[in-house]
Amino acid sequence: MNDLPTIAIRIAPADDVAIALVALPQGQRLCVQGVDVVTRNPIPAAHKIALRDIGVGRPVVKYGHPIGVATRSICAGDWVHVHNLRSALQEDREEYCYEPRRDDAPVASILPETFQGFKRGDGRYGIRNELWILPTVGCVNRVASALERKLGAELARDGVDGVYAFPHPYGCSQLGDDHDVTKRLLAGLARHPNAGGVLVLGLGCENNTMEAFREALSPYDPDRVRFLTCQEVEDEYEAAARCLVEIAAIAQCDRREPAPASCLCVGLKRGGSDAYSGITANPLLGHIAERLVAQGGAVSMTEVPEMFGAERPLMNRCSDHETYDDSVAMVTSFKAYYREHGHPVYENPSPGNKEGGITTLEEKSLGCVQKAGRCPVVDVLTYGDPVVKPGLSLVHGPGNDMVSVTVLAASGAHLELFTTGRGTPFGGPVPTLKIASNTPLARAKQHWIDFDAGALLSGETLESLADALWRQVLDVASGARLAKNEIGGFREIALFKRGVTL
């Protein structure tokens, strides 16, 4: 049976299950890394096949870790999914113990690499030279969008890469911490190095007053950041146009220059996962993360609910006990947030995830955290705080695609690598490269997808694909190519609203 084609794979040697690479009929004979098995049911593509008998109540292992417990006896060859597997996670408060792992950290890079970036006054580099219009409050969204439409073509020339407005519905009728995080996230976007100039646009009577926002943003370059309160001028379009023309004249003087890869920060995200995500796209991102960190650069990751069930191996990669304590506090506070709103902590995966072969939150999370490879966790950041250390930073934020992409950008990610098994067109305020977990998606949605990680299933090696994606990342950072979200004009933000609306 050892000459059978590779139509199923086992991810880790200890795994009880294999993953079907194609849909398998009942009675299909398989040999998976020396284990012979015959399917007892039809197995959908990307779903799990038992490689051994598993008794009721026993753990089921994938990625080398338990992904749940069997709810009935499972025989070798059985389809393993929601009908015979459930999460083992509990709603009760969990206890954590720091057991640091140092043996598998990425080694130092030998050959430093560069990209072509725009050096900013604070020493950081941007990978785009754009003009951004940021409303402090949703009441002026239409004004901001109209300015983008009217002036975008006129000002997007002579070194200015584009003019973009980022409307959102908040900035007023918020209280306390909820109001503060909105202000902090918008300030993070306003100081982003991809923006060669920023117009902060307010109304005049909102909670997020211009004075308070200036204070949150300080220090800032007054030549690059302008403020306009619409209620204080006769014609807000005319006044805003003057501001944008003035900052465009400054941004047009910016030129790309060589910058070390250590100056890059890349955000890591997944959305619309399938079971291939954990064996193709997410491990591929892990290799890219390790390469960038070995160069002295930074990677960031959020989606805290997508860490539930996989938090222990992630926490044990924390560089010191203080960082570990911060990671525990982040995870437990997010679980408390769920409980406060009367929702079960482990109400996950989504229907689309389940259709794609993911059964439990442990399984989803263990696949998700592979995006960071073996990088050490060096920092844990509050929502909207900037990345300041090389290495992997965990950022407080939910799993929602639009919100998490926004918070990674606000924390300083120059670009984001977004893995997906089902596809999505949207993009954040920075280049958002979509990495398909499977080749059919990459072929069907070529106008969405930037890179096909599904080639791993047809003979490509992880190393060769990592080389190709790494070159693409540096090309995008250098402006030699655009992400598909940029080409399609998909740019938007979404803020994390968790408090009372007045």
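Predicted model: local features only at pLDDT ≥ 70, side-chain atom pairs only at ≥ 80, totals over all residues.
**The Phe334–Phe496 pair**

- The ring centres of Phe334 and Phe496 are 6.1 Å apart and their planes lie at 0°; because planes under 30 degrees apart count as stacked, this pair is stacked.
- Phe334 belongs to helix α7 (residues 321-340), whereas Phe496 is in the segment after α13 (484-488), so the pair ties together parts that are 162 residues apart in sequence.
- Phe334 and Phe496 are both buried.

**The surrounding aromatic cluster**

- Phe334 and Phe496 belong to one aromatic cluster together with Phe308, Tyr337, Tyr338 and Tyr383.
- Tyr337, a member of this cluster, has the charged end of Arg498 over its ring, at 4.6 Å from the ring centre.

**The largest cavity**

- The volume of the largest cavity is about 60 Å³.
- Its lining consists of 14 residues, and those nearest the centre of the cavity are Asp274, Gly278, Ile358, Lys364 and Gly367.
- Helix α9 (residues 361-368) supplies the largest share of this lining, with four residues.
- Sorted by class, the lining of the largest cavity comprises five charged, five polar and four nonpolar residues.

Technical notes:
Residues numbered from 1 in each chain as written. Heavy atoms only, no water. Phe/Tyr/Trp six-rings, centres within 6.5 Å; stacked < 30°, edge-to-face > 60°. Helix = DSSP H or I, 4+ residues; strand = E, 2+ residues; numbered from the N terminus. Buried < 20%, exposed > 50% of the residue type's maximum accessible area, 1.4 Å probe, protein only. Lys NZ or Arg CZ within 6 Å of the ring centre and 35° of its normal. 1 Å grid on protein atoms, 1.4 Å probe; cavity = no way out; pocket = protein on both sides within 12 Å on 5 of 7 lines; lining within 4 Å. Points joined across faces, edges and corners; volume = space filled by probe spheres on them. Nonpolar A, V, L, I, M, F, W, Y, C, P; charged D, E, K, R; others polar.
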